[in-house]
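Here is a friendly walk through one protein chain. Please have a look at the sequence and the model before reading on.

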Amino acid sequence: MIELRAYQPDHLPTLLRFDLPAEQQVFTSTPVQVLARITGDAERQPVTILDGAVPVGFFLLCVGAHRDKYLPEPDPAAVAFTALSIDPARQGQGIGFAAMTRLPGFIEAHYPEARRMILAVNQRNHTALRLYARAGFVISHTRDGPAGPQWVMESALPSIKR
C-alpha cells in the first residue's frame, strides 16, 4: 500500500541506494542531493513515498520563495511539488501515480491554508508530463528552468473543486 509520510531519518539508508539513470538526472535530483540542500529550511518539507514500511520514492513540498519562483506573482494559497524521484528498481509499477493521487490529502493535512498545488516539469520530460496530466494537473504557463523550458502545471485541491 503506497502512502506519503514526512521524511524521517530512518528512511535515509534506503534512499541512499536510489541511483537515478543519467537521463533522469537531467530533470531531478536524488533524495540525498535534495536533503543536503534543504537542511534547516522550514519552507521545504521532504516527503517519503512508502510501500508498506519501505521507502520507494521521495519529493519536496515548498512554500514561500521556493514556491513563488514558479509563479508570475506570489501565491500563499499554493504549495509547490518538486524533486520527485522513484526508486529506479520500482519505476513503471504505478508508484508515481499512486503518490500523486494521495498528494492532495497530504497537502490539505499539512498545509490547511493551501488551495492549489503547482509543479514545474521540463518540456522534454514527457514521462513526467503524462503522469502529472493523468493526475489532473493542467499547464498554466511556461518558465525558464535549469535544464531548459518548463511547463508550470497546477491543480486545485479537491476540497475546493466544486
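## About the model

This is a predicted model, in which local features need pLDDT of at least 70 and side-chain atom pairs count only at pLDDT 80 or more, whereas totals for chains, interfaces and linings use all residues. Residues are numbered from 1 along each chain as its sequence is written, and side-chain values use heavy atoms, with hydrogens and water left out.

## Helix 5 against helix 6

Let us begin with two helices. Helix 5 spans residues 95–110 and helix 6 spans residues 126–134; they pack at an angle of about 40 degrees, and their axes are 9 Å apart. That angle makes helix 5 oblique to helix 6. Here, helices (H or I, at least four residues) and strands (E, at least two) are DSSP runs numbered from the N terminus. Axes are lines fitted to C-alpha atoms, for helices over the stretch in contact, and angles run from 0 to 180 degrees between N-to-C directions. Angles under 35 degrees count as roughly parallel, over 145 as roughly antiparallel, 65 to 115 as roughly perpendicular, and the rest as oblique.

Helix 5 contributes G96, F97 and M100 to the contact, and helix 6 contributes L131, Y132 and R134, where contact means heavy atoms within 4.5 Å. By class, these contact residues divide into 4 nonpolar, 1 polar and 1 charged. In this scheme Ala, Val, Leu, Ile, Met, Phe, Trp, Tyr, Cys and Pro count as nonpolar, Asp, Glu, Lys and Arg as charged, and the others, Gly among them, as polar.

## Salt bridges

How many salt bridges does the structure hold? There are 6, each defined as a side-chain nitrogen of Lys or Arg within 4 Å of a carboxyl oxygen of Asp or Glu. One of them pairs E3 with R5, with 3.3 Å between the closest N and O atoms. E3 counts as partly exposed because its relative accessibility is 27%, and R5 is partly exposed too, at 40%. Buried means under 20% relative accessible area, exposed over 50%, and partly exposed in between (1.4 Å probe, protein chains only).

D68 bridges to R67, their closest N and O atoms being 2.7 Å apart, and both D68 and R67 are buried. D75 forms a salt bridge with R116, the closest N and O atoms again being 2.7 Å apart. This pair links distant parts of the chain: D75 sits in the loop between helix 4 (65–68) and strand 4 (78–86), while R116 is in strand 5 (residues 116–122), 41 residues apart. Both D75 and R116 are buried. Shared partners join D75, R116 and E154 into one salt-bridge network.

## Single residues worth a look

I118 is also found in strand 5, and is buried at 0% relative accessibility. Not counting residues up to four places away in sequence, I118 touches R67, Y70, L71, A78, V79, A80, F81, F137, M153 and E154. The C-alpha atoms of I118 and M153 are 5.6 Å apart, although 35 residues separate them in sequence.

L35 lies in helix 3 (residues 31–38) and counts as buried, at 13% relative accessibility. Its contacts beyond four places in sequence are Y7, L12, P46 and F58. Finally, A83 in strand 4 has a positive phi near 60 degrees, in a residue other than glycine.
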